[in-house]
Amino acid sequence: MPKKRSGGGLSPTQQAAKFLGVSVLAGAVMAGIAVPAFGALGLAAKGSVEGFDEIPANLKRPPLSQRTTILDNQGGQIATVYSRDRTVVDLKDMSPYMQKAIVAIEDARFYEHGAVDLKGVLRALNKNAQSGGVSEGASTLTQQYVKNVFVEEAGDDPTKVAQATQQTLGRKVRELKFAIQVEEELGKKKILENYLNITFFGQQAYGVEAAAQRYFSKSAKDLELQEAALLAGIVQSPSRYDPVNDEAEAVKRRNVVLQRMAEVHDITQAEAAAAKAKPLGLKVSKPKNGCITAVKDSSFFCDYVREVFLTDPVFGKTQKARAKVWNQGGLTIRTTLDPQAQKSVQTSLKSHVNKTDKVAAASTLVEPGSGKILAMGQSKPYGYGKNETEINYSVDHSMGGSNFGFPTGSTFKPFLAAAALEEGKQPTQVYPAPYEMPYPDSVRACDGKTWRNSGNAKVENEDESEVGPYPLKKAMELSVNTYFVQMLEDTGMCPVVNLTDKLGVVQGNGTKLPQVPSSLTLGSTGISPLTMASAYAAFANRGTYCTPIAIASISQQLGGEKKSLEVPKSSCSRAMSETTADTINTLLSGVVDSGTGQQAGLTDRANAGKTGTTDYRKNAWFVGYTPNMSGAVWVGSATQKVKMVNITIGGQWHEKVFGGAVPGPIWKDAMTGALSGKDSPGFNLVDIPDPKDDGDKGRGDGGNGDDGRPGDGNGNGNGNGNGENRGNDNGGGNNGGPGQPQIPTPTFSIPDEWTIGGNDGGGNGGNGGPGGGNGNGGNWP
């Protein structure tokens with residue numbers, strides 16, 4: 001977009017061409033402008049139109065582009081964005097000084113002539129002849145307004161802008177015909193109002209209201225005489241008379257305007273002299289355009305809102321159509337951002353991770369049941385300098401995020417567990433879960449395909465002490481890798497893929513999850529925090545998933561008309577049964593209560609969540625929720641080159657980073673502040689029985705019995721034993737030895753009804769079946 005008024009600041013050659021065009025047109029007007037023979041004036045030359053009568057009769061006046069205001073969900077301003085910083089105001093809201101100043105310096109006979117000022121042409125011709133150059137032009141305010149309409153319609157297209165400002169006779173002919181039309185249709189007052197709203201005043205300010213705010217931090221209606229004169233003087237050449245960069249030149253130009261106002265009797269000579277003696281009195285407000293200026297550390301969310309507008313078909317069928325609406329502006333966008341939640345997220349991030357750290361952190365909060373994005377932030381500020389970034393780590397690449405998202409680690413395991421429960425697996429399911437094991441030889445995939453472990457890949461648990469068998473509840477609390485690999489072998493990959501599809505889980509590049517065990521069990525695939533927070537929100541919402549939304553409403557005011565725009569709606573659908581969701585909520589409540597996520601657990605309300613740490617500790621996650629808020633926290637390096645071992649983060653040294661150790665506390669602090677003062681509903685928890693323990697204590701009274709052999713338990717002695725539902729206790733045996741069950745090492749799933757062991761001897765059947773005496777031992781559970 002050129003930084004000067006259309007027609008202003010031209011070279012002598014350009015001024016001469018311009019003046020010649022005006023003079024020729026003036027002569028044509030004198031001769032009778034509507035005569036068809038006017039088309040024979042040679043207007044078919046390069047760059048011109050074929051004839052006056054062939055020019056369309058109606059000037060298309062697009063609504064003036066204006067600034068767009070983005071608000072949070074409480075109506076507080078987040079940012080203003082615009083292609084042109086402009087606020088359209090009525091003439092009554094412009095200082096009378098401003099109206100007189102612009103007319104005096106640009107077109108003193110504005111109220112006396114028509115579309116073309118013939119006297120002005122002759123006066124300029126005479127003056128220019130005397131000076132030997134081009135010292136004065138003859139375009140009227142109406143003609144200048146028409147030219148600015150051409151420029152406005154061209155937008156930011158450089159080719160169209162060049163066509164709208166080219167110095168050709170043809171363009172002058174078009175300008176003149178439309179000027180005649182405008183004079184007839186609008187009248188002088190409306191033309192002046194439109195001109196003062198459309199013209200460029202420098203410093204990114206279009207229109208007098210934006211200019212008044214930029215240079216004096218006040219409204220156009222409050223401009224004083226000397227201030228109005230300064231703005232009127234800038235219009236001819238905004239770069240040359242820029243008061244911010246060249247105060248002396250600006251003062252000279254201002255004083256020229258003041259003197260001209262005195263000459264045409266808009267003010268007295270004494271008033272002009274007094275105004276000339278005053279300093280410029282600038283009180284400059286820096287341009288606040290774009291999301292980089294957003295308050296409340298909401299720049300990344302602001303940028304996400306912009307991306308939503310430019311990509312969602314609800315705002316236009318094509319990208320070009322959407323961009324046109326966005327650039328036209330005049331929008332008031334009310335978003336879903338909760339200022340309390342946003343502040344809490346940023347406070348938590350800053351207190352746990354420094355912007356200068358080797359790693360970064362990102363966090364997003366959403367509302368279950370509505371999909372509303374309540375907060376979005378990260379530790380690296382929005383910007384282009386050192387330790388800043390314009391990449392939004394919380395969202396997918398298509399929305400301004402990282403190329404692929406970030407591997408999620410064990411935060412993926414609840415999806416697998418939910419898919420298995422949907423397939424009929426019981427929450428008491430037990431798997432052997434050794435410390436280390438090879439991936440299965442083959443795992444069923446979708447469409448009848450099969451994944452095969454051709455590379456003999458292995459998987460191991462975090463700690464060597466993690467050796468099964470484990471039930472699901474304990475495996476989830478401890479995040480036992482081998483347990484979930486065995487669960488995937490039983491369940492197959494297709495149920496997991498189908499469930500994650502329903503939960504909107506895709507890779508950060510927008511593609512579906514790959515059907516490989518490492519991705520569908522241990523989270524080796526890159527996913528964005530917004531995607532994870534939204535998917536976990538479905539657990540909080542008892543199985544119903546809602547697509548995330550950032551915009552609540554939009555109104556647009558253009559050309560004096562205000563209208564509401566349609567906005568994207570969250571689409572909610574059932575992803576799993578309520579029972580499955582309630583079961584997952586119960587399992588993940590255990591994670592924050594007594595599992596790997598204890599450092600993240602909230603103490604004042606029901607909450608659940610899951611930790612995640614990836615290979616070489618390049619990523620650490622905590623994703624958790626309450627019934628009314630879900631949030632994801634990622635910590636790692638955007639380049640995926642930093643191993644979080646022996647590392648300082650937020651001023652605290654860590655030998656090894658875990659999902660519960662850094663992301664967990666960030667989540668806890670963010671959620672605590674975001675939920676302060678809000679309701680604390682509970683989950684619909686289910687009863688997940690603990691597996692029968694290794695036996696209950698009991699004693700068998702008798703005398704002098706021998707140790708019972710494993711599975712046999714035949715001892716000598718007499719007496720009565722009091723067992724606790726472990727076996728028949730009609731045998732005796734003092735000090736009978738424990739009967740040890742014979743436990744095979746399983747290589748497959750152990751069904752719930754599986755029983756191991758033999759006759760455990762009489763007496764007390766506790767502790768795995770103490771045997772002894774002549775009693776009949778029961779089955780070891």
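## A polar contact at Ser219

The side chain of Ser219 makes a polar contact with the side chain of Glu209, at 3.3 Å; a polar contact is a pair of N or O atoms within 3.5 Å, where within protein one must be able to donate a hydrogen and the other to accept it, and residues adjacent in sequence count only if both atoms are side-chain atoms. Ser219 itself lies in the loop between helix H8 (208-216) and helix H9 (225-234), with helices (H or I, at least four residues) and strands (E, at least two) taken as DSSP runs and numbered from the N terminus.

Ser219 counts as buried at 17% relative accessibility, where buried means under 20% relative accessible area, exposed over 50% and partly exposed in between, with a 1.4 Å probe and protein chains only. Leaving aside residues up to four places away in sequence, Ser219 touches Glu209, Ala212 and Gln213, contact meaning heavy atoms within 4.5 Å.

## Basis of the model

This is a predicted model, in which local features need pLDDT of at least 70 and side-chain atom pairs count only at pLDDT 80 or more, while totals for chains, interfaces and linings use all residues. Residues are numbered from 1 along each chain as its sequence is written, and side-chain values use heavy atoms, with hydrogens and water left out.

## Three disulfides

The structure holds three disulfides, a disulfide being a pair of cysteine sulfur atoms within 2.5 Å. With bonded cysteines counted along the chain, the disulfides follow the pattern 1-2, 3-4, 5-6.

Cys446 and Cys494 are joined by a disulfide with an S to S distance of 2.2 Å, and the torsion about their S-S bond is about 110 degrees, so the disulfide is right-handed. Because Cys446 lies in the loop between strand S9 (442-444) and strand S10 (450-452) and Cys494 in helix H18 (residues 493-502), the pair ties together parts that are 48 residues apart in sequence. Cys446 counts as buried at 9% relative accessibility, whereas Cys494 is partly exposed, with a relative accessible area of 22%.

A disulfide also joins Cys546 to Cys572, S to S 2.1 Å, and with 115 degrees about the S-S bond this link is right-handed. It connects distant parts of the chain, 26 residues apart, with Cys546 in strand S14 (residues 544-546) and Cys572 in strand S17 (residues 572-574). At 7% relative accessibility Cys546 counts as buried, whereas Cys572, at 40%, counts as partly exposed.

## Helices H20 and H21

The axes of helix H20 (residues 529-540) and helix H21 (residues 578-594) come within 8 Å and cross at roughly 105 degrees; axes are lines fitted to C-alpha atoms, for helices over the stretch in contact, and angles run from 0 to 180 degrees between N-to-C directions.

Tyr536, Phe539 and Ala540 of H20 make the contact with Ala581, Ile584, Asn585 and Leu588 of H21. By class, this contact has six nonpolar, one polar and no charged residues, where Ala, Val, Leu, Ile, Met, Phe, Trp, Tyr, Cys and Pro count as nonpolar, Asp, Glu, Lys and Arg as charged, and the others, Gly among them, as polar.
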